[in-house]
Amino acid sequence: MDSLKLYEYAWLIPALPLLSSMIVGIGLISFNQATNKLRQINSIFIISTLGVCLTMSIALFWSQWQGHAPYTTMIEWARAGDFSLNMGYTIDHLSSLMLVIVTTVALLVMIYTDGYMAHDDGYVRFYAYLSIFSASMLGLVISPNLVQVYIFWELVGVCSYLLIGFWYDRKPAADACQKAFVVNRVGDFGLLLGMLGLYWATGTFEFIPMGDRLHELVFSGQVAGWLAALFAVLVFLGPVAKSAQFPLHVWLPDAMEGPTPISALIHAATMVAAGVFLIARMYPVFEPIPEVMTLISWTGCFTAFLGATIAITQNDIKKGLAYSTISQLGYMVMAMGIGAYSAGLFHLMTHAYFKAMLFLCSGSVIHGMEEVVGHEPVLAQDMRLMGNLRKYMPITSSCFLIGTLAICGIPPFAGFWSKDEILGLAFEANPVLWLVGWLTAGLTAFYMFRMYFMTFEGGFRGKDHKIQEELLQKAGITLSGEGHHGEKPHESPLTMTFPLMMLAIPSVFIGLLGMPWNNRFEEFIGNPNEVTEVAHHFDLNEFLIMGGNSVGIALIGITIASLCYLQGKIDYKAIAIKIQPLYELSLNKWYFDEFYDKVFVQGCRRIARGIMEVDYKVVDGAVNLTGLVTIISGEGLKYLENGRVQFYALIVFAAVLGFAIAFTVIS
């Protein structure tokens, strides 16, 4: 009975953070100064409500882990004739897992925010935004149909826009949130078209019935196979944009202009994972269409490689992690495309924890660097001004090292078990996919340890004024000297280091749930299209070969990074000069921004200017000509209005005579 009550009140999980954000938001609108003065009270209130959500989420997850049947409750939301739209929530294995991921990461990020944003004037507003984002994401993961997913999908996008542009008075932040908004609109429009197309074909928005009916209609010939594939590809455009997959990946690195807690919560752990989550929910539609699955797998594979090749030359610590996120999301999407459903979701879970920790570590580093170089992001986030921070920030450096080992796939850290499983299944599906994923794993190890060595090892370069002037000159910024407080960095306060230590625990141990000889995670998450569990035989030799290959390429990447950036035995600058075109290609992010600017931005402006010319010369010209004719004719006719009947009769006679002559001539 208690368990049933828990499921009946599960709707409170998204409702509570929504309510807390509304209360704080109304306070900011109505009593701005008083609400901003109650900083700690507001933050404790919002954190406490999310703590309740975390407790309920863990209880639901444990219930599902113990074998409780999935629970769905629906209410009729709208009806028009035969059309009926239901809303509600569903708690199953996938949604309960996502609830725990979102609430744990969000809670730790909120605690971290208290230290990171302590001196920011928008402290309370930031917490209100965090709370409404949490509500939107939690609502998305428990949505039982595609319409409700779309509603919360857009709410999550709105929150992303608000949080990326939180410091809206800074032009880069304002530009970044607009870029994210526009790029995501492309994907979301495709999602909307695909959603409507699937409803037209199947008559339902429910995930499993939609897949079953679509498959039956294609099999019977009532719906063309190419049309079903088109609808599925349009739906896939939504995850392509939200999860920053090629070619709609360009918004995510710019989104780093937002405060670092947002980079950890939205752009590493939860919102970008919503794309992979939607692919999982739409698996009953995607899996029976081989062409779509192939497109998904190759999109993910290329994105993983693309992100890694760009990350190897980035000097901004947050943008380096952003391209790393793009690459790891590519692994997840590739896993979904090859049918490795549980492996993709397993990597989503492990990545959420260690990447959130890495981003929060970067925020801690930036917080410490601001003591030396001031509050200019161009200086505080550039790794060329860091070095030897392990001496000044031991907790941050230790946690960053744990996250680095996890993402590189070094056993027994979490990333090894999830990434190795994806690579093993990719080898079975398509050796070319495995080869690209394997090479990407080596690049991942190289650029992550490059970041670690540049940031935490070697000598401290923060006081090198030559480098500072060069960076400021390149960015076109004049150094003001404001925000400079000390000569060396410092460790962050406990409110910032405590979340790092908490996230380090799952980064080390949570991967043990997916050990191939006792894969509890796969048994739990399953596949929505599999009626019965398929027992996977564990082959020790195969595991040692595949695992050894993935660890081996990672060790090669670590060794090269060590020789280049730690020991200095390889002159990477000389190598960069020799392969200048490739180096420039990576440094300039494959020139995607320049290409999109020239083709789409400048192209749209040219079209707009052309339309404006047509509007000005043709449309406005016709209207102006009509007005001019009216004025002239009116001015002329007023002289004929003299009040004499004889004159009017003469005009009528002349008109009749003119018509008669014209008729005679024509005849």
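**Helix packing, loops and a surface patch**

Mentor: Start with a helix pair. Helix 16 (residues 317–337) packs with helix 21 (residues 414–429) at an angle of about 45°, and the axes are 10 Å apart. Helix 16 is therefore oblique to helix 21.

Trainee: Is the crossing of helix 16 and helix 21 left-handed or right-handed?
Mentor: Left-handed. Keep in mind that this is a predicted model.

Trainee: Noted. New topic: which residues does a cis peptide bond join, with omega about 5°?
Mentor: Phe246 and Pro247 are joined that way. Pro247 sits in the loop between helix 10 (225–242) and helix 11 (251–254). Pro411 and Pro412 are also joined by a cis peptide bond, and omega there is about 5°.

Trainee: And where does Pro412 lie?
Mentor: In the loop between helix 20 (394–407) and helix 21.

Trainee: Does Ala244 count as buried or exposed?
Mentor: Buried, because its relative accessibility is 0% and the cut-off for buried is under 20%.

Trainee: What about phi of Tyr591?
Mentor: Phi of Tyr591 is near 60°, again a positive value in a residue other than glycine. Tyr591 is in the loop between helix 28 (580–587) and helix 29 (592–637). At 36% relative accessibility, Tyr591 counts as partly exposed.

Trainee: Let's switch to the surface. Which residues form the nonpolar patch?
Mentor: Ile395, Leu494, Phe498, Met501, Met502, Ile505, Phe509 and Leu512. Together they have about 690 Å² of accessible area.

Trainee: Which helix gives the largest share of the patch?
Mentor: Helix 24, residues 494–509, with six residues.

Trainee: And where is Leu512 found?
Mentor: In the loop between helix 24 and helix 25 (520–525).

Trainee: Why does Leu512 count as partly exposed?
Mentor: Because its relative accessibility is 34%.

Trainee: Good. That's my list done.

Definitions and conventions:
Residues are numbered from 1 along each chain as its sequence is written. This is a predicted model: local features need pLDDT of at least 70, side-chain atom pairs count only at pLDDT 80 or more; totals for chains, interfaces and linings use all residues. Side-chain values use heavy atoms; hydrogens and water are left out. Patches are made of residues with over 30% relative accessible area and no salt bridge: like charges are joined within 9 Å, nonpolar side chains (Val, Leu, Ile, Met, Phe, Trp, Tyr) within 5 Å. Accessible areas come from the Shrake-Rupley method with a 1.4 Å probe; for residues, only the protein chains shown count as cover. A salt bridge is a side-chain nitrogen of Lys or Arg within 4 Å of a carboxyl oxygen of Asp or Glu. Helices (H or I, at least four residues) and strands (E, at least two) are DSSP runs, numbered from the N terminus. Buried means under 20% relative accessible area, exposed over 50%, partly exposed in between (1.4 Å probe, protein chains only). Axes are lines fitted to C-alpha atoms, for helices over the stretch in contact, and angles run from 0 to 180 degrees between N-to-C directions. Angles under 35 degrees count as roughly parallel, over 145 as roughly antiparallel, 65 to 115 as roughly perpendicular and the rest as oblique. A crossing is left-handed if the near helix is turned anticlockwise from the far one by less than a right angle, and right-handed if clockwise.
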